[in-house]
Amino acid sequence: TRADLAGDGGWNLAETVDLATAVRAATLGSAYANFTEDRRGSIAPGKDADLIVLSRDLFEPGDPRAILDTRVTHTVVAGDVVHRAS
């Protein structure tokens, strides 16, 4: 949203991207930038099973500021759960 944490204002609103584009940039885009897209960046057979599970579906309609309250409930590295939120 390019807004501050209170949801006010906005900076360079022409540069906003939708949520799907932002998630893709943080996952597949990061893997591509690190030359690891063949084994990271998406969930697919044969790729590293490194992922997180979130406390809510980021794509549920609603106030985009709710993303700020989203927490990681599990972290999986190489297919093993290495973190569970208490």
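I52 has 47% relative accessibility, so I52 counts as partly exposed (buried is under 20% relative accessible area, exposed over 50%, partly exposed in between; 1.4 Å probe, protein chains only). This is a predicted model, where local features need pLDDT of at least 70, side-chain atom pairs count only at pLDDT 80 or more, and totals for chains, interfaces and linings use all residues. Residues are numbered from 1 along each chain as its sequence is written, and side-chain values use heavy atoms, without hydrogens and water.

I52 sits in strand β1, residues 51–54. Strands here are DSSP runs of E, at least two residues; helices are H or I, at least four; both are numbered from the N terminus.

Now helix α1, residues 19–33. Its 15 residues should span 21 Å at 1.5 Å a residue, and the end C-alpha atoms are 20 Å apart, which agrees. The expected span is 1.5 Å times one less than the number of residues. α1 has a kink of about 35 degrees, centred on A25. That bend is the angle between axes fitted to the seven residues ending there and the seven starting there. After α1 comes F35, with a positive phi near 60 degrees.

Next, salt bridges: a side-chain nitrogen of Lys or Arg within 4 Å of a carboxyl oxygen of Asp or Glu. The count is 3. R39, R40 and D48 form a network. D48 to R39 is 3.8 Å, closest N to O. R40 to D48 is 3.1 Å. R65 pairs with D63 at 3.0 Å. R65 is partly exposed, because its relative accessibility is 40%.
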